Amino acid sequence: MSRQERRAEPSGEGQPRPGAPALITGATSGLGRSLARALAARGWTVLVHGRDESRCAAVVEELRAAGGTAYPYLADLSSLGEAAELGRRVAAEHPSLGLLVNNAGVGAGRDARRRAVSRDGYELRFAVNYLAPVVLTSARSPGWRSIDR
């Protein structure tokens with residue numbers, strides 16, 4: 001390793017540490033679930049977001065059974081109001097969030113030509129994949145204006 005590479009390494013000061021809360025949206029399947037497992041195994045407190053109560057509970061139970069600390073958070077991110085409420089609830093219960101992973105997303109589905117609309121009237125993929133992370137993050141951050149309806 002060169003001197004320049006050594007200087008580029010983070011010192012770790014001010015970095016989130018295992019044990020800090022990590023909110024992962026879309027943590028009930030796929031990449032989100034894998035990341036939840038990995039973080040829990042490294043000692044993070046995992047805040048498992050999902051829109052289905054039983055799937056959320058299953059992931060939380062799996063993480064706890066493996067010795068991790070996890071809590072469920074339900075919200076349908078196609079509703080900007082629910083995205084904002086999720087942000088406010090997490091902020092109230094975990095004021096010093098160590099990590100936020102906006103992983104939840106909606107794909108094109110079976111028929112990419114079919115346009116789906118969110119509960120708020122936005123195109124569904126735009127609402128979940130773009131607007132919801134902004135609303136969630138802004139609701140968590142004091143001083144930011146929320147754009148939820």
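How many helices and strands are there in the protein chain? The chain holds five helices and four strands. The model is a predicted one. From the N terminus on, the order of elements is α-β-α-β-α-β-α-β-α.

The chain as a whole comes next. The protein chain has 149 residues, and buried residues make up 38% of them. Its accessible surface comes to about 8900 Å². Carbon and sulfur atoms account for 50% of that surface. Contacts between residues at least 6 apart in sequence were also examined. Of these, 61% join residues at least 24 apart.

Salt bridges were then counted. The total is six. One of them joins the side chains of Glu-62 and Arg-37, with an N to O distance of 2.4 Å. Glu-62 belongs to helix α3 (residues 53–65), and Arg-37 belongs to helix α2 (residues 30–41). The two residues are 25 residues apart, and the pair links distant parts of the chain. Glu-62 has a relative accessibility of 26%, so this residue counts as partly exposed. Arg-37 is partly exposed too, because its relative accessible area is 38%. The pair is also part of a network. Arg-33, Arg-37 and Glu-62 are linked in this network of salt bridges.

The side chains of Arg-119 and Glu-82 meet at 2.8 Å, N to O. Arg-119 lies in the loop between β4 (99–101) and α5 (124–140), whereas Glu-82 lies in helix α4 (residues 80–93). The pair therefore ties together parts that are 37 residues apart in sequence.

Glu-85 counts as partly exposed at 38% relative accessibility. Arg-88 also counts as partly exposed, at 38%.

Arg-119 has a further partner in Ser-79. Which residues does Ser-79 contact, leaving aside its neighbours within four places in sequence? They are Arg-119 and Asp-120. Ser-79 itself lies in the loop between β3 (69–74) and α4. Is Ser-79 buried or exposed? Ser-79 is buried, because its relative accessible area of 6% is under the 20% cut-off.

Ser-96 lies in the loop between α4 and β4. This serine is exposed, with a relative accessible area of 57%. Ser-96 and Ala-20 are 76 residues apart in sequence. In space, their C-alpha atoms are 7.7 Å apart.

The largest pocket holds about 400 Å³ of space. The pocket is lined by 17 residues. The closest to its centre are Gly-26, Arg-51, Ala-104, Gly-105 and Val-106. Both β2 (45–50) and α5 supply at least two residues of the lining. By residue type, the pocket lining divides into six nonpolar, seven polar and four charged residues.

How many cavities of 30 Å³ or more are there? The count comes to one. The largest cavity has a volume of about 30 Å³. Its lining is made up of Thr-25, Leu-77, Asn-102, Asn-103, Ala-104, Val-128, Ala-132 and Pro-133. Five of these lining residues are nonpolar and three are polar. No charged residue is part of the cavity lining, whereas the lining of the largest pocket includes four.

Key:
Residues are numbered from 1 along each chain as its sequence is written. This is a predicted model: local features need pLDDT of at least 70, side-chain atom pairs count only at pLDDT 80 or more; totals for chains, interfaces and linings use all residues. Side-chain values use heavy atoms; hydrogens and water are left out. A salt bridge is a side-chain nitrogen of Lys or Arg within 4 Å of a carboxyl oxygen of Asp or Glu. Buried means under 20% relative accessible area, exposed over 50%, partly exposed in between (1.4 Å probe, protein chains only). On a 1 Å grid over the protein atoms alone, a cavity is a set of points where a 1.4 Å probe fits but cannot get out, and a pocket is an open set with protein on both sides within 12 Å along at least five of seven lines; lining residues have an atom within 4 Å of a point. Grid points are joined across faces, edges and corners, and a volume is the space filled by probe spheres set on the points. Ala, Val, Leu, Ile, Met, Phe, Trp, Tyr, Cys and Pro count as nonpolar, Asp, Glu, Lys and Arg as charged, and the others, Gly among them, as polar. Contact means heavy atoms within 4.5 Å. Accessible areas come from the Shrake-Rupley method with a 1.4 Å probe; for residues, only the protein chains shown count as cover.
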